[in-house]
Amino acid sequence: MKTLIAAYSGVLRGTGSSILSALQDLFSVTWLNRSKVEKQLQVISVLQWVLSFLVLGVACSAILMYAFCTDCWLIAVLYFTWLVFDWNTPKKGGRRSQWVRNWAVWRYFRDYFPIQLVKTHNLLTSRNYIFGYHPHGIMGLGAFCNFSTEATEVSKKFPGIRPYLATLAGNFRMPVLREYLMSGGICPVNRDTIDYLLSKNGSGNAIIIVVGGAAESLSSMPGKNAVTLRNRKGFVKLALRHGADLVPIYSFGENEVYKQVIFEEGSWGRWVQKKFQKYIGFAPCIFHGRGLFSSDTWGLVPYSKPITTVVGEPITIPKLEHPTQQDIDLYHAMYMEALVKLFDQHKTKFGLPETEVLEVN
């Protein structure tokens, strides 16, 4: 009897050990799979934004035009009728949606690179601001994540400040894409919109302008820290007309996430890019990142390189209804100096050598 009990106890002990071992294996596999799923969700979240940026407007325009030829023509008519009445909404700040800005997909977007927002100074809610974002990169991914979503908690870091990321006005002529952009607090980068936000929308507004624009995107490449700024003074004039403080921003790593074919000055490729830039407002770039399923293949998914966006100290700007060229030049020089200083103060913290110099073109 004792022998049977001992044998039975041994089996139970063996079974318990086997079950424990199996559970440990199961949890380790589950954790491994969870990690892979998280990474794939991050990749998908970035890819959906890249595709939205590149093709959503054109695709929706084509679908709506096709709808006119189908039984769904009434839906297309109703949308276009509403679009006519809603045409000027983007110029008045759009329709920001906190629900959209807080989507979980943006947190996956943030963690893919990852993207970080660094605050160096407090901002007064009694003032309005123009943020100068540098560099443009290929798509301004850091600008979008930091200021058009709440993934990096911009509203908590700058309480009482409403950020408006300014982008090409042509994007707001595209059906559906315009709604998507406005929900994140994105607005057209034109004088009417900026005048409205800085004069008729109260205080605490911060308009983020990617100052270098399309011209700067043409020189975007890994390892290069260069900005197109020396002859970009329009944003300074707007700041003076409204008494909006200027805030320099440098985004370390923005140029690292895509590789681009750089055409030399005078080449046919650069000629085509400049013609597009002049007449359409953007310059087509030949670039690539990694593939959807592998980092060893080419594709549209950006490389997962850290992007750290540092918001500098505001420059107090007086309100001058009719600023002279001398006034504009003075504050533009102050802004350039502040941007270079910001870059030099933080470059070593984010992997750049002490000898690295910011190239201002």
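Biologist: Why is Arg95 called partly exposed?

Modeller: In this predicted model, Arg95 has a relative accessible area of 33%. Buried means under 20% and exposed means over 50%, so Arg95 falls in between and counts as partly exposed.

Biologist: What makes Arg95 and Glu179 a salt bridge?

Modeller: Their side chains meet at 2.8 Å, N to O. The cut-off is within 4 Å, so the pair qualifies. Arg95 sits in the loop between α2 and α3 and Glu179 in helix α7, so the pair ties together parts that are 84 residues apart in sequence. Both also belong to a network of salt bridges with Asp86 and Arg178.

Biologist: Asp195 and Arg191 form a salt bridge too. How do you know which of the two is buried and which is exposed?

Modeller: Asp195 has a relative accessible area of 16%, and buried means under 20%, so Asp195 is buried. Arg191 has 52%, and exposed means over 50%, so Arg191 is exposed. Both lie in helix α8, four residues apart, about one turn of the helix.

Biologist: Let's turn to the cavities. What classes of residue make up the lining of the largest cavity?

Modeller: That lining has seven nonpolar, three polar and no charged residues. Ser148, Ser183 and Gly184 are among the lining residues, and Gly counts as polar here. The cavity has a volume of about 60 Å³.

Biologist: And what classes line the second largest cavity?

Modeller: Two nonpolar, four polar and two charged residues. Glu216 and Lys224 are among its lining residues, and Glu and Lys count as charged.

Technical notes: Residues numbered from 1 in each chain as written. Predicted model: local features only at pLDDT ≥ 70, side-chain atom pairs only at ≥ 80, totals over all residues. Heavy atoms only, no water. 1 Å grid on protein atoms, 1.4 Å probe; cavity = no way out; pocket = protein on both sides within 12 Å on 5 of 7 lines; lining within 4 Å. Points joined across faces, edges and corners; volume = space filled by probe spheres on them. Helix = DSSP H or I, 4+ residues; strand = E, 2+ residues; numbered from the N terminus. Buried < 20%, exposed > 50% of the residue type's maximum accessible area, 1.4 Å probe, protein only.
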